[in-house]
Structures are given as structure tokens and as C-alpha cells.
Amino acid sequence: MIGAETYSRIIDPLDRDTAVIFGDGAGAVLLRAGDRAEPGAVAATDWGSDGTGSDLIAIAAGGAQQPDPARRRCRDDHYFRMRGREVYGQAVRRMTESSRAVLEKTGWSPTVVGAFIGHQANQRILDSVAERVGIPTRHRYGNLRDVGNTAAASIPLALADTAAHRRVSPGTPTLLTAFGGGLTWASAALTWPAVRPHDHAPEPRTTDTTPRPTHRRKTWTLSTTTS
């Protein structure tokens, strides 16, 4: 399952609401058939959408309504626009409700969850969702400050980064939750997989804050079960 984004093509460099937040990225997760008892098993999922909020995260021009392949007209309308305040409220509400729904399906209490990774959109959103669900700070993982919001690539990149530094042990109850344009949202409960040590070595942590390229190749494997 692959998620890739090239926001640099659609971001208005003068729009402070988006230009300083969004980044390019790509990530992939390998799914395979497996046993519910093994590390990496997906225990439950929850999905939802609400088309009445489609204008909150959108690009006005292009597509079928205003086709302009050469981008000769409506140039400003070809940029990505987001109504931040309203998106914030929707994101917190939807991811919180979806996370709770998944935990209810699995029978897990929030105290059981040892790893929480949300869509890396905004740290305030992530913290608000985690606090409402009841996930302590020590069990929250992400890399938003390093790579920005890479949308569909954000959770795979955060999973890969967490796995690369071996911050979570195989079998740990894990909660994933995401929110995006559409409006759409989803959550998944799973156990952390057994990532082979030789797949990738941990990258050194330093106090150097110099920006560096964030494109990396990593492997992360889940198993799925059927009832």
C-alpha cells in the first residue's frame, strides 16, 4: 500500500497557511496474509467520509469542472487551499471518534495502547486527539517536525522512522488514525510487527538542526487476517 505526495507542485509559496507546513514524501507498507496472534496483525479498522466538507481542503481549478491542462487560466485557483480553523475542528473530532470506535471493536482500553501514530498534519491536532482518547505522551510517535505534513505519505513515513530507531517492541498494541480531504478519515488497531534488525540500521540522533533530505528507503510489514 503506497502513499505519495508532491505538494511542491500545488502549494502557493506566498500562502503562509500552507507553504510552511506541507512537504513532499512517499511511503509504503507491505501487507500479507497472516495469523491474528502474530506481531503485525491488524485487529480492527474504522472508516468514514463526509462530502459536505469537500470545500475545506481543495484545489478550485483543474479536473472536470475547470479543465486547464496547460494551466493557462485561473492560475491562482490551481493552488491548494485549506480553511485551517474549520479543518482543525473536523480533524480532532473525526480522528477522536474513529480512534474510539476502533478501540471499542478490539476491546482495548487506551492504557493498553503502547504506540499511537496519527496523520502528521499538525502537532496541536495530534496532541488534542491523543489527549481526548487517553494516550499518554510517552506512547505518541511521529516525525512531523522533521518532514512536515506529507499527507498520504505521513503515516507510512512515521511508521518507518519509528521502526528504524526501534522505539516500539514487536507485539505492542498500536493505534493509527488519519484525516484528510474529502472529508475522509480512518483508524486501525494492530500489533507492532517484528521488523528484521538487518532491514535498516537506526540513524544517529544529533543536536544538529541543519535541514537534510528526508527521502529514505525502509521496509515495514503488517499481516492481515480474515474472519
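**View 1. Surroundings of Asn149.** Beyond its neighbours within four places in sequence, Asn149 is in contact (heavy atoms within 4.5 Å) with Ile21, Phe22, Gly23, His119, Gln120, Ala121 and Leu144. The model is predicted: local features require pLDDT of at least 70 and side-chain atom pairs pLDDT 80 or more, whereas totals for chains, interfaces and linings use all residues. Residues are numbered from 1 along each chain as its sequence is written, and side-chain values use heavy atoms, with hydrogens and water left out. Asn149 is placed in the loop between α3 and α4 (154-164); helices (H or I, at least four residues) and strands (E, at least two) are DSSP runs numbered from the N terminus. Asn149 counts as buried because its relative accessibility is 4%, the term buried meaning under 20% relative accessible area with a 1.4 Å probe, protein chains only. A polar atom of the Asn149 side chain lies 2.8 Å from the backbone nitrogen of Ala151.

**View 2. His139 in the loop between α2 and α3 (144-147).** With a relative accessibility of 17%, His139 counts as buried. Apart from neighbours within four places in sequence, His139 is in contact with Val113, Gly114, Ala115 and Phe116. The C-alpha atoms of His139 and Ala115 are 4.9 Å apart, although 24 residues separate the two in sequence.

**View 3. Helix α1 (residues 84-106).** The buried residues of α1, among them Val87, Met95 and Leu103, pack against β4 (42-49), β5 (57-59), β6 (80-82), α2 (123-133), β8 (173-180) and β9 (184-191). Gly107, with a positive phi near 80°, follows α1.

Note on methods:
Expected span 1.5 Å × (residues − 1). Buried < 20%, exposed > 50% of the residue type's maximum accessible area, 1.4 Å probe, protein only. Polar contact = N/O pair within 3.5 Å; in protein donor to acceptor, adjacent residues only side chain to side chain.
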